[in-house]
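This report describes a single protein chain through values computed from its atoms.

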Amino acid sequence: MIAQVLISMLRENGKSVSVAESLTGGLLASALVDTPGASEVFCGGVVAYTIAAKREVLGVSEEALAHGVVSQEVAIAMAQGALELFGSDYAISTTGVAGPGPQEGMEPGTIWLGYASKTVSGAVLIKLAGNRNQIRAAAVNAALELID
């Protein structure tokens, strides 16, 4: 439902969106393309699950990666990379820990959502609860709400 609202809003405003995903592994792109009319506003997405993919495909710098892959800096850089790669008006990124165990000293449910446009970029830290699949699904909903 959230994706439908977002797709409608983008269509009405003549804007486009792209995604860069790690934690969600393509679920965010799937949520968008499951919505009729998505082809008019969704430019594309990248699943950059490894550090190498983040660096080589999305252009995430070594400086950003030095903060850890689950960081504000990486979330922002991923969103900026998708924005540039696809030429969209907006981009959203997801990076975090889905579990079952901690990563980089962070507990499961620690999620950074990045966003970027031609004029602004940033990231939001959220904490989610549940099992791996629940955390990933909730991260998709939070990412969709972020751009809305």
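The sections below proceed from the overall architecture to single residues.

## Basis of the values

The model is predicted, and local features are reported only at pLDDT of at least 70, side-chain atom pairs only at pLDDT 80 or more, whereas totals for chains, interfaces and linings use all residues. Residue numbers start from 1 along each chain as its sequence is written, and side-chain values rest on heavy atoms, with hydrogens and water left out.

## Architecture

Six helices and five strands make up the secondary structure of the chain; helices (H or I, at least four residues) and strands (E, at least two) are DSSP runs, numbered from the N terminus. Read from the N terminus, the order of the elements is α-β-α-β-α-α-α-β-β-β-α. The radius of gyration of the chain is 14 Å, close to the 15 Å that the globule rule gives for 148 residues, so the chain is as compact as a globular protein of that length. This radius is taken over C-alpha atoms, and the globule rule is 2.2 Å times the number of residues to the power 0.38. Along the principal axes, the C-alpha atoms fill a box of roughly 45 × 30 × 20 Å.

The chain carries 8 positive and 14 negative charges, whose mean positions are 3 Å apart. Lys and Arg count as positive and Asp and Glu as negative, while His and the chain ends are not counted; each charge is placed at NZ of Lys, CZ of Arg, CG of Asp or CD of Glu.

## Interior

Of the 148 residues of the chain, 50% count as buried. Buried means under 20% relative accessible area, exposed over 50%, and partly exposed in between (1.4 Å probe, protein chains only). In soluble globular proteins, nonpolar side chains tend to be buried together. A nonpolar core is here a set of buried Ala, Val, Leu, Ile, Met, Phe, Trp, Tyr and Cys residues joined through side-chain atoms within 4.5 Å.

The largest nonpolar core has 26 residues, and those with the most contacts inside it are Val17, Val19, Leu28, Leu32, Ile92, Ile111 and Leu144. Two or more residues of this core come from each of helix 1 (2-13), strand 1 (17-21), helix 2 (27-33), strand 4 (110-117) and helix 6 (132-147). Helix 6 gives the most to this core, with seven residues. Leu144 touches Ile2, Ala3, Leu6, Leu28, Ala31 and Leu32, not counting residues up to four places away in sequence. Apart from this core lies another, of 23 residues, among them Ala20, Ile76, Ala79 and Trp112.

## Individual residues

| Pair | Sequence separation | Distance in space |
|---|---|---|
| Tyr115 and Ala79 | 36 residues | 5.4 Å |
| Tyr90 and Ser18 | 72 residues | 6.5 Å |
| Glu12 and Val41 | 29 residues | 10.0 Å |

Tyr115 lies in strand 4 and is partly exposed, with a relative accessible area of 29%. Beyond four places in sequence, the residues touched by Tyr115 include Ala79, Ala91, Val120 and Leu146. Tyr90 is found in strand 3 and is partly exposed at 30% relative accessibility. Beyond four places in sequence, Tyr90 touches residues including Leu10, Val17, Ser18, Ala116 and Ile147.

Glu12 belongs to helix 1 and counts as exposed, at 69% relative accessibility. Thr35, by contrast, is buried, with a relative accessible area of 8%. Thr35 sits in the loop between helix 2 and strand 2 (42-47), and its contacts are with Ala3, Gln4 and Ile7, leaving aside neighbours within four places in sequence.

The loop between strand 3 (90-96) and strand 4 contains Pro100, and the peptide bond from Gly99 to Pro100 is cis, with omega near 20°. Glu104 lies in the loop between strand 3 and strand 4. Although Glu104 is not a glycine, its phi is positive, at about 50°. With 42% relative accessibility, Glu104 counts as partly exposed.

Conventions. Contact = heavy atoms within 4.5 Å.
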